[in-house]
Amino acid sequence: MIQFDSITCLKQDDYTGKDNIFLIINNGFPRTIEVGEIENLQTKQVWGYVSLADNARHSIEVWEKDEISPNDLIGKIYLQDYTIGRDQQAVVDNGSASYKLWFKIVEESQ
Ligand SMILES: [Ca+2]
Ligand SMILES: [Ca+2]
């Protein structure tokens, strides 16, 4: 499973107001984690464990929610490259916005 720790906004997507961030974990349950409002250089705790289905490719997508225009995909983190039990950080960047995610992949029994 994934144990989330926090997320840092390195550069926000929206020009007016704060960003509104959520995460989608592909092949995980729960699949979506709401982060909520966050702005430049702010770090927010992301509380939550997400179980990962066996024998599937896992990834975390970082999305920014908009009211009028479609939501913005900031980036995608593929989890097969990460070591179990170690604190991890990953940066996503779509050219206009950038976020750093702190998390750990732990054994299901822990
Ligand atoms: Ca946006
Ligand atoms: Ca927005």
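Five strands make up an open sheet in the order E3-E5-E1-E9-E8, and their pairing is antiparallel. At its edges lie strand E3 (28-29) and E8, each of which pairs on one side only. Strands here (E, at least two residues), like helices (H or I, at least four), are DSSP runs numbered from the N terminus, and two strands pair if DSSP finds at least two bridges between them. The model is a predicted one, in which local features need pLDDT of at least 70 and side-chain atom pairs count only at pLDDT 80 or more, while totals for chains, interfaces and linings use all residues. Residues are numbered from 1 along each chain as its sequence is written, and chains are lettered from A and ligands numbered from 1 in the order in which they are written.

Within this sheet, E1 and E9 pair in the antiparallel sense over 8 bridges, and Ser-6 has Trp-102 as its bridge partner in E9. Strand E9 (residues 98-105) is also joined to strand E8 (residues 87-93), by 7 bridges and again in an antiparallel manner; here the bridge partner of Ala-90 in E9 is Leu-101. The hairpin of E8 and E9 has 4 residues between the strands, and in this hairpin Gly-95 adopts a positive phi near 95 degrees.

A further open sheet is formed by 4 strands in the order E4-E2-E6-E7, with antiparallel pairing. Its edge strands are strand E4 (32-38) and strand E7 (72-78), each pairing on one side only, and from one strand to the next the twist averages 20 degrees, where axes are lines fitted to C-alpha atoms (for helices over the stretch in contact) and angles run from 0 to 180 degrees between N-to-C directions.

Taken as a whole, the protein chain has 0 helices and 9 strands, so the run of elements from the N terminus on reads β-β-β-β-β-β-β-β-β. Along its principal axes the C-alpha trace spans about 45 × 25 × 20 Å. The radius of gyration, taken over C-alpha atoms, can be compared with a globule rule of 2.2 Å times the number of residues to the power 0.38; for 110 residues a compact globule would have a value near 13 Å, and the 14 Å of the protein chain agrees with this. Contacts, defined by C-beta atoms that are placed from the backbone and lie within 7 Å, can be sorted by sequence separation: among those between residues at least 6 apart in sequence, 52% join residues at least 24 apart.

What share of the 110 residues is buried? Buried residues make up 21% of them, where a residue is buried if 20 or more other C-beta atoms lie within 10 Å of its own, exposed if 12 or fewer, and partly exposed in between, with C-beta atoms placed from the backbone. A nonpolar core is a set of buried Ala, Val, Leu, Ile, Met, Phe, Trp, Tyr and Cys residues joined through C-beta atoms within 7 Å. The largest such core holds 18 residues, of which Leu-23, Val-62, Tyr-99 and Leu-101 touch the most other members. Two or more residues come from each of strand E1 (2-11), strand E2 (19-26), E4, E6 and E9, and E1 gives the most, with 4 residues. Leu-23, when its neighbours within four places in sequence are left aside, is in contact with Thr-32, Ile-33, Val-35, Ile-60, Glu-61 and Val-62.

The loops remain to be described. Tyr-15 is found in the loop between E1 and E2 and counts as exposed because 6 other C-beta atoms lie within 10 Å. Asn-27, in the loop between E2 and E3, has a positive phi near 65 degrees although it is a residue other than glycine, and with 16 other C-beta atoms within 10 Å it is partly exposed. In the loop between E3 and E4 lies Pro-30, and the peptide bond from Phe-29 to Pro-30 is cis, with omega near -5 degrees.

Definitions and conventions
Two residues are in contact if their C-beta atoms, placed from the backbone, lie within 7 Å.
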